[in-house]
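Let's take a walk through a protein together, one piece at a time. Have the sequence and the 3D view ready as you read.

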Amino acid sequence: DNHKRKKKVLLMGKSGSGKSSMRAIIFSNYVAKDVRRLGATIDVEHSHARFMGSLTLNLWDCGGQDAFMDSYLSTQRSSVFTDVSALIYVFDIESRDPTTDLETYNNIIRALKSQSPTALIFCLIHKMDLVQNEHRERIYDERCAAIVKKSEGMDLETFASSIWDQTLYKAWAGIVHRMIPNLVVIERFLLAFAKQIYAEEIVLFERSTFLTVTHVSVIRDSNESSETQTGDVRPEYTTLPAPDRHERISSIMKSYKHTCTRHSRTSASAAGAFVLFKAQTPSFNSFLARFTENTYICVVIPPGEAAFNCAVL
Ligand code: GTP
Ligand code: MG
């Protein structure tokens, strides 16, 4: 199943939990403030998302109103739940009836377990922006524990998400990461490439969604410096790289692309640009560029003009 290129993905959860909103932002270039215009989904909306040239997600956005849910579990049961590669189940953290939500989820999991027992399961605890910062972790942990209990022993991965920040990108990158075929081959190549250009980190982004496909880091021995001639002395990191830097780049680049499409002149020049962004600082250099037909790459290398220019080349 993991080698199939076309993968059926069910997007389910109660009505209003935010399924179509996420889909519009990740795959159709909506910005968060525009999703309020989306209406409730009637029955199932099908769409295809091409990914990395090698993977097609066949997305089933399943409207979550009770009548539709009942029908997925009864008359449409076999058409909905067979041949599923992944289920993405969205929970609204602000739901007024979490107990009923969990029962519905359990019914869905039972149907999935019988029809597609090898399907991957991802649960998103969504709209976390509505929870006060200091309570987020605790509430998220509690909710996850309750979900695991209703998962019939199946493996699952959980994410906290919100369309109002980069957590949405972290969740979807995590999901997609599990489904891309040949990822090991890509990673092996990236690591070799990173070593050749003396990069410390390479992050690979998918072109249309700007989701992180994968990343590699090279821990460099400080004695084996690549830049002996410049006299650049590398200052110690005063702060560690932010753990959410990848999804922050996704989020920033999506807003950038959105702005570009609204101003067609920028769009034309941005589309032709190879290097979209460069930063040279005393402690590191970095650039973001088109890489292959389906990807962008972000490279972080130690300071030094020569290595930087070589890497860009
Ligand atoms: P059905 O199609 O009826 O199953 O609903 P749905 O799950 O597709 O919900 P939809 O995406 O239409 O979103 C419902 C509402 O939730 C919209 O008004 C969104 O603006 C809002 N929403 C979605 N995601 C978030 C979020 O992360 N935070 C907040 N505060 N609101 C959100
Ligand atoms: Mg919908």
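**A helix, a crossover and an asparagine**

Start with helix α4, which covers residues 98–115: its 18 residues reach 26 Å from the first C-alpha to the last, close to the 26 Å expected at 1.5 Å a residue. Keep in mind as you look that this is a predicted model.

Which residues of α4 are buried? They are D101, L102, Y105, N106, I108, I109, A111 and L112. Now look at what lies over them: the cover includes the strands β1 (6–13), β4 (86–92) and β5, along with the helices α2 (66–73), α3 (77–81) and α5.

Two of those covering elements, β5 and α5, take us to our next stop. Strand β5 (residues 120–126) pairs with strand β6 (residues 157–161) in the parallel sense, over five bridges. To find one place where they meet, pick out L124, whose bridge partner in β6 is F159. Together with helix α5 (residues 133–149), β5 and β6 make a right-handed β-α-β unit.

Is N285 buried or exposed? Its relative accessibility is 2%, so N285 counts as buried, since buried means under 20%. Leaving aside residues up to four places away in sequence, N285 touches A279, Q280, V299, V300, I301, P302, P303, G304 and F308. The side chain of N285 also reaches two backbone atoms: the nitrogen of T281 at 3.4 Å and the oxygen of G304 at 3.5 Å.

How values were computed:
Residues are numbered from 1 along each chain as its sequence is written. Chains are lettered from A and ligands numbered from 1 in the order in which they are written. This is a predicted model: local features need pLDDT of at least 70, side-chain atom pairs count only at pLDDT 80 or more; totals for chains, interfaces and linings use all residues. Side-chain values use heavy atoms; hydrogens and water are left out. Buried means under 20% relative accessible area, exposed over 50%, partly exposed in between (1.4 Å probe, protein chains only). A polar contact is a pair of N or O atoms within 3.5 Å; within protein, one must be able to donate a hydrogen and the other to accept it, and residues adjacent in sequence count only if both atoms are side-chain atoms. Contact means heavy atoms within 4.5 Å. Two strands pair if DSSP finds at least two bridges between them. Helices (H or I, at least four residues) and strands (E, at least two) are DSSP runs, numbered from the N terminus. A crossover is right-handed if, with the strands pointing away from the viewer, the path from the first strand over the helix to the second runs clockwise. The expected span of a helix is 1.5 Å times one less than its number of residues.
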